Amino acid sequence: MSKILATIAQRLGLGVLTLFVVSLVIAGMLELLPGDFCETILGQSATVETVNACRKENGFDQPFVFRYADWLSGFATLDMGKSLANKRDIAELISVRLSNTLFLAGFTAAIAVPLALFLGVLAALYRYSLYDRFVNVFTLTSISFPEFFVAYILVLLLSVMTVGENPIGPNGPWFPAMASVSEDTSFGERLYLVFLPALTLTLVVVAHMMRMTRAAIINLLASPYIEMARLKGIKNSRIIVKHALPNALAPIINVIAINLAYLIVGVVVVEVVFNYPGLGKIFVDHVKFRDVPVVQASAMIFAATYILLNLTADILSIVTNPRLMHPR
Amino acid sequence: MSDTKRGQKGDILLEMKGLKIEGRADEQWIEIVHGVDVTLRRGEVLGLIGESGAGKSTIGLAAMGYARDGCRISGGEIWFDGTELRSASDEHLRKLRGHRIAYVAQSAAASFNPAHRLIDQYCESPVQHGVMSRDKAEKDAKDLFRRLRLPNPETIGERYPHQVSGGQLQRAMTAMAMSCRPDLIIFDEPTTALDVTTQIEVLAAIRDIVDQFNTAAIYITHDLAVVAQMADTIKVLRYGNTVEEGDTRRMLAKPEEKYTSDLLAVRTYKRDQRDRPENEGPLMQIRGVDASYGTVPVLYDVSFDVYKKRTVAVVGESGSGKSTTARVITGLLPPKAGEVYYRGEVLPADYRQRNKDQLRRLQMIYQMPDTALNPKSRIRDVIGRPAYFYLGLTGRKLEERVRELLRLVELEPDQYINRLTTELSGGQKQRICIARALAAEPELIICDEVTSALDQLVAEEILKLLQRMQDEFDLSYMFITHDLATVRAISDEVVVMQNGRVVEQGPKEEMFTPPHHDYTDLLLSSVPEMDPDWLDRLLAERAEMARQGRVLKAADN
């Protein structure tokens, strides 16, 4: 147990260091982009004087190091500052979007992870069968298409073509093509509204996890302890689930963590298609304005997501491995 | 234990007729077992013996109606208690396996599932086959653990496989095989991976338990001395054919086939001891070496000498520090204290600080020729590399030297020089490793268990080759081994190590003549002999000693 706590402490420490480096890289890259917030927001017709006044007002006349140090000292005290574009408090601005993103990611994960494990175990059990081939072809096809394409196909099939057939409300489609949620949307309604984006993302992430589950299990089937289980007369399904799966968990957990991270940081295209107010959209919008504080804050959240999910995966790998949990 | 469904002792339980098995190689099926007959009666133990590639394990598994991936049973009949297994359904076979026919694998460490506790793995067969409830199975397990003399039988089941030593795991696996009280158990080299000292315990435990439950068994091994202790009848196999079959005592006393007598004669090769050369200091001295892996100490105050043209055997169980000593000498593991002197001068502790000449004089030959040779290299390069690196030979001279070395290790140069290292047998690979060591023109060669991965007849050829090379090139050997027959065969002096310490050392004849240090005694007395009564005698002697208060304990127990 103390080993795990030590690992967690050490990795969190390294995580903070990683965040610092990421923030420096992001700030540096924004600095290198041509144009700044004032030029963008005031447009081409702005005079030199107004642009300069705007810069002075926002402190852009200060050297990069000062501006970065200023941001860093704020961030260290959990004050993320205000958006340049709309002067709103960033923490407030982002927290709503973040909870929307987490909701979509969580909903997708709740469908995709069990589905991928289930399909993967079955594919390992009936490897090289017709079922195995079908699942592989289907999942590979679905990740081979661009996400927006999958999204539009789903919109076409489950929304546009079903207009007037809605079993719940009058004359609507089965599922709405727009996932426009607001703060006072109820939980049940939310699930219904984000079903199509969640389904799209499920199709995108399932293949990777399912194929890793299948490969990790099959990889173990040649081990002596699997042969032993066969020679003990254990049923095939039990061999896969009880003997192979527990030993295959580490690689599977890692792939799940990577895909969960993707669900949080990489879904901007799907958010745009369904007009879903998530974090990805806010990130892209504010990069356009060179709204540095908002971009920095979002980037910190994305980086922290990767760090925490990887840490969780590593801890779970330790916890599920008796050799590490119960040393001699 | 008598059970009505089990029938009478002496009834035929298993009968394989004209068994043929094919293995897949390069996209085609090749027959590897060519029509072997096996008959086994209830309560009887049959020993299957042969070298690697003889088909022993394959035949053993076929008795369960099982063929490994890449193998298939292609002909013959397998009758088990009235059922023909080749035509039986998968479901029928599954119900037989573990329940009425059980299997004990060579490496218990690899064959226990690392993710589950021993007790869970033990209970799986009886519960899944519906033989008994989990509670009853657990009680039964503790009873069997006790009968198999496992330490802490009440709690050992709570452990994971990696928390239990090799010898104990092998006994736990025997208990697991017994869990459904099968009619037949296949023991597939159950002691091959164990130290001799641990082997005894496992052999005794297996024999007792098989006797107590009147279980029939097929005991597979390459070691005739081991099978002599276990089997009522022995079947000698070679290249998938039966060489000879018969009663154990008869076969040991009067083998009918030459191959059987060759197997019996193995381990009898012996060279006389040569004393230390007079008027000459030692070639290498190891003085007071302490070493550790990280913070874990592994060697304590190790000292011994190696003289020119002499062989020092370093013996001990696994984990005794033999190979670590070799790592210190070669500079791979700088010691915490102590020095290695070579011709009276201190060798730098780290190999990176040694000059080319110091490196050249000390060469190594490893246990696993498979992993010690680059599979992508050709033999010309493997042997040519040290000759070029240390001696600067190039072009025609290098070619000539490589051919000369190949002839020395008795491989025809034209036939082998352009082969890949993977295109050789195990014995041939070890010959290449010897040639590679010789290519550097060394003075001292460290041989780390060089024969233990080889079949016994091949191993003996290698020992003889090493001996010839020593005579021809005035070489000194430091011979690391756990096999006392090897020590007897080639050494002049013996160093016995236990738990990182040298417990006894001296000339060979002295070491093999009593009185011994207790640990040396344990090692020596644990080597199986070609005598069916050896194990009984030994166990009786040890019981007698235990009554007198002298207990010999292997590190494993």
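An open sheet of six strands in chain B has the order β16-β17-β18-β13-β19-β20, with mixed pairing; two strands count as paired if DSSP finds at least two bridges between them. Helices (H or I, at least four residues) and strands (E, at least two) are DSSP runs, numbered from the N terminus. The model is a predicted one, in which local features need pLDDT of at least 70 and side-chain atom pairs count only at pLDDT 80 or more, whereas totals for chains, interfaces and linings use all residues. Residues are numbered from 1 along each chain as its sequence is written, and chains are lettered from A and ligands numbered from 1 in the order in which they are written.

The edge strands of the six-stranded sheet are β16 (362-365) and β20 (501-507) of chain B, each of which pairs on one side only. On average, neighbouring strands of this sheet are turned by 15° against each other, direction ignored. Strand β17 (residues 444-448) of chain B runs parallel to strand β18 (residues 476-481) of chain B, and five bridges join them. D448(B) has I480(B) in β18(B) as its bridge partner. Helix α21 (residues 518-525) of chain B packs on the sheet and touches β13 (311-315), β19 (493-498) and β20 of chain B; its direction makes about 105° with that of β19(B). Helix α17 (residues 426-439) of chain B lies across β16 and β17 of chain B and runs at about 175° to β16(B). Axes are lines fitted to C-alpha atoms, for helices over the stretch in contact, and angles run from 0 to 180 degrees between N-to-C directions.

A second open sheet of chain B consists of four strands in the order β2-β1-β4-β5, with antiparallel pairing. Its edge strands are β2 (28-41) and β5 (83-84) of chain B. Strand β4 (residues 71-80) of chain B pairs with β5(B) over two bridges in the antiparallel sense, and W79(B) stands opposite E84(B) in β5(B).

Helix α11 (residues 322-329) of chain B is mostly covered, with eight of its eight residues buried. A residue is buried if 20 or more other C-beta atoms, placed from the backbone, lie within 10 Å of its own, exposed if 12 or fewer, and partly exposed in between. Just after α11(B), G331(B) takes a positive phi of about 85°.

E189(B) is in the loop between β7 (184-188) and α7 (196-212) of chain B and, with 19 C-beta neighbours inside 10 Å, counts as partly exposed. Y239(B) lies in the loop between β9 (233-238) and β10 (241-247) of chain B; with 13 other C-beta atoms within 10 Å, Y239(B) is partly exposed.

In chain A, the axes of helix α11 (residues 236-265) and helix α14 (residues 292-319) come within 9 Å and cross at roughly 165°. α11(A) and α14(A) are therefore roughly antiparallel to each other, the term for angles over 145 degrees. Among the residues that make the contact are A250(A) and I253(A) of α11(A) and F302(A) and T305(A) of α14(A); residues are in contact if their C-beta atoms, placed from the backbone, lie within 7 Å.

The contact between the chains takes 25 residues from chain B and 16 residues from chain A. The elements giving two or more residues to the chain B side are α2 (90-96), α3 (108-111) and α4 (118-128) of chain B.

Conventions: Contact = placed C-beta atoms within 7 Å. Parallel < 35°, antiparallel > 145°, perpendicular 65-115°, else oblique.
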